[in-house]
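Here's a quick briefing to read with the model open beside you.

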Amino acid sequence: MRAAVRISLASATAVALATVATGCTEKSDAKSGDDHLIEVTATDDQCDVSKKEFPAGHIELAIENKGSKVTEVYVLYPDDRIVTERENIGPGTKQKVTATVKAGSYQIACKPGMKGKGIRQQVKATGGGKTVKRDPKLDAAVAAYRTYVQQQADETLPLAEEFAKAVKDGDLEAAKKAYAPSRIGWERTEPVAESFGDIDPKVDVREDGLEEGQDLEKDWTGWHRLERSLWKDKKITDRDKKLANLLIKDLEDWQNRVGKAEIDPTSMANGAKELLDEVATGKVTGEEERYSHTDLVDFKANVEGAQKSYELLKPVASKNDPALTKELDKQFKALNDLLDKYREDKSSYEFTSYEKVGKAEQKELSDGVNALAEPLSKLAAAVVVK
Amino acid sequence: MSEETRPPATADEAAATEATGTTAATGDVSANAAAPSRRSLLALGGAGLALGAAAAGGTALALGGKDDDIAPVAESGAAVPFRGAHQAGIATAVQDRLHFASFDVTATGEGARAELIALLKEWTKAAELMTQGHPVGEGAYGGLAEAPPDDTGEALGLKPARLTLTIGFGPSLFDERFGLKGKRPKALVDLPKFPGDNLDPARSGGDLCVQACADDPQVAVHAIRNLARIGFGTVAMRWSQLGFGKTSSTTPDAQTPRNMMGFKDGTRNVAGTDTKNLGKHVWVSEKDGPDWMVGGSYLVARRIRMNIETWDRTSLKEQEDIFGRSKGEGAPVGKKRERDEPNLKAMKPEAHVRLAHPDNNGGALMLRRGYSFTDGTDGLGRLDAGLFFLAYQRDVRDAFIPVQRQLAGKDVLNEYIQHVGSAVFAVPPGVHGDNSWWGSALFGEK
């Protein structure tokens, strides 16, 4: 009895995990030897799968770690989005993961040491309805962008920790210095972060973004709350120190989730445009960084993030609409050149304080954003899978 | 009916067209048209079927109405021809509303001239479509779902509203940037500084201007908005002005509209039908030069702020003395009706009408089509209102400049007004012939 109870608990856990990953609610009924079961044998340098083709629908991965390192196993879409995953599979242990997959190509990856891109196997789910038409070039673009987004999150954490530490040390000047750099990775990839819905309001909301009934002192969290303390109040309170910890916690949440973001070529293209929209509505007006006046740092980061999306999509877009990519190349260069006027060293993110940027210069920046954002709004149409 | 607009032969074909979405709208510019004529509606029947669910509602509505409801019966809804020897929007009977926009060319470097030319061609195409009541490009709907529509869409379902779009080239365009230095007309002078001017650079000048006049403000704004959008990257809007309540008449049989001071002004304006005076005072002739301006005109735009509150506290007698006209009828001093010949000597020496009259200015006449404006309040609770003065003339040097010198120096009205914005433009002749576009003669291209 005891053993039976334990088994059913284990499979319940597996189902629950699969539900989180894929939204699937089907019961696990795969048996050994059946079409839906894929045995995955992981070692420190191999990732063997018992079959590379299986019917679409419900699948079960029976994983055994025969290596010496803790590993994790992923099922990935061609664009690297995670279908399902299982972490912390210790040496000599077995785990089961279930998922529901549509027909199409996938990869199974084992990550010994739980690091890197992993050892990968191409697999295929067959039958079960139409295969989604995919362009491998676009899948590659999405996969590369996903890597970029993850990298930005990974690189942001230490910078944010440096900022948080300065706040916790009560070091006003050090905190001011670390503030803008801690935001760059976030600003480069904001549309992806925003797609989760709950993280953005915790870390990047501005004073006027609070909802009715929310208390400025109690409910306002994130970078801009700290920005106000540092520049306007010019002091660091005990609450600010707690907020610094909370910021790190929320950013870790972001770092853990970016890999699962829904990204496709259209959302990449429109995300690039959205980054420019961010510039047009928040940065050009100086609203975003109203206390620190570091708007141009965010501005640059937004443009860089948009440019990354664009460069990745360009191989496809330039074939479908060469005039558009020519125009975009030109306008990206023009806007970057314009931004360079506001920093002495092109490798540094020390930009002129936006307070010192005159009305005529602001208009010039605004015109530059319009000149880029308008053709950028046509990028999605140039990469859409027809 | 063109090949593109024929109805799909089979249900499958209709479905196929629907799936691709854009094809149906591409061939038929009337698909998203604001005011389809009866004939274009017949064509729309075919396109409408293929346009799919989104469009079907609008099409059904249009088809379901009676012909009388759809046809642009009112004169105010009709389309003004875009092509002609002169640009529309000058001699055209003044419409009710204005959106005037001034642009700077932002394109720089070697390719700037080519970019500007490409834009002017694209603008011409879009302008012709919009003045005829059609949306620009592939329309406001029915295209790719992932892309923003070509047309912004707020004029859908509206009549052409006599929309005219008139382009002008400012003095600053004729520098070294576009190789136009030698092409600047002598008559396109920089206006001198007049006494009392308080010009805001952010509301003055510009490389290009587009005057949009229509009987419906939404139609005028839509046109400028779409042109600005098409222009991003090549031009940037420098300033713009909305106007209402036309203050001039170019139709001699209509009474002169009133300005914000409650007075009729500009009764002696050149009528749009007065060929003789148009030729003498408005259109540039072969003798004037340069060749590319023949059939064109010169436009002076002035934003004239009125001190509305102090004016409203001025006695009726003083108001009438200042203008030299009665407030009720608009009759000149001592006369009965608006159009009675004024006796200038009966007016105070500094009366506005007396100073501005052609008899006091060597016979100078201009074609005025100014509009009132109210841009909210000025932060001190005063109406930011006045007259957006627009005047077309054959040569600025012997029309606006001498008249304004006279007025700026002496006019008692100056106590109640201030010129806060100023611009001058060379308005080229009309677009005619297949290979002509806005500025084609200036750029020496066909």
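Let's begin with a parallel pair: strand β1 (residues 37-42) and strand β4 (residues 57-65) of chain A run parallel and are joined by 6 bridges. Strands here, like helices, are DSSP runs numbered from the N terminus (E, at least two residues, for strands; H or I, at least four, for helices), and two strands pair if DSSP finds at least two bridges between them. This is a predicted model, so local features need pLDDT of at least 70 and side-chain atom pairs count only at pLDDT 80 or more, while totals for chains, interfaces and linings use all residues. Residues are numbered from 1 along each chain as its sequence is written, chains are lettered from A and ligands numbered from 1 in the order in which they are written, and side-chain values use heavy atoms, with hydrogens and water left out.

**The four-stranded sheet of chain A**

- Within the β1-β4 pairing of chain A, A:Val40 has A:Ile63 in β4(A) as its bridge partner.
- Chain A has an open sheet of 4 strands in the order β2-β1-β4-β7, and its pairing is mixed.
- Because β2 (47-49) and β7 (94-101) of chain A each have a single partner strand, one side of each is left without a neighbour in the sheet.
- Neighbouring strands of this sheet are turned by 25° against each other on average, direction ignored; axes are lines fitted to C-alpha atoms (for helices, over the stretch in contact), and angles between N-to-C directions run from 0 to 180 degrees.

**The five-stranded sheet of chain A**

- Chain A also has an open sheet of 5 strands, ordered β3-β9-β8-β5-β6, again with mixed pairing.
- At its edges you'll find β3 (53-55) and β6 (82-89) of chain A, each pairing on one side only.
- From one strand to the next, the twist averages 20°.
- Strands β5 (residues 71-76) and β8 (residues 104-110) of chain A run antiparallel, with 4 bridges joining them.
- Opposite A:Leu76 stands A:Gln107 in β8(A).

**Where chains A and B meet**

- Chain A puts 13 residues into the contact and chain B puts in 11, contact meaning heavy atoms within 4.5 Å.
- The two chains bury about 1000 Å² between them, with 59% of it on carbon and sulfur atoms; buried area is the accessible area (1.4 Å probe) lost on putting two parts together, summed over both.
- Across this interface there are 2 salt bridges, each a side-chain nitrogen of Lys or Arg within 4 Å of a carboxyl oxygen of Asp or Glu.
- B:Glu115 and A:Lys330 meet in a salt bridge through their side chains, at 2.6 Å from N to O.
- On the side of chain B that touches chain A, strand β4 (residues 235-246) of chain B gives the largest share, 3 residues.

**Inside the chains**

- Over all chains the salt bridge count is 53.
- The side chains of A:Arg257 and A:Asp253 form a salt bridge at 2.9 Å, N to O.
- Both A:Arg257 and A:Asp253 lie in helix α8 (residues 238-257) of chain A, 4 residues apart, or about one turn of the helix.

- Most residues other than glycine have a negative phi, and most peptide bonds are trans.
- A:Asn88 has a positive phi, near 55°, and lies in strand β6 of chain A.
- The peptide bond from B:Gly289 to B:Pro290 is cis, with omega near -10°.
- B:Pro290 sits in the loop between α8 (275-282) and β5 (297-306) of chain B.
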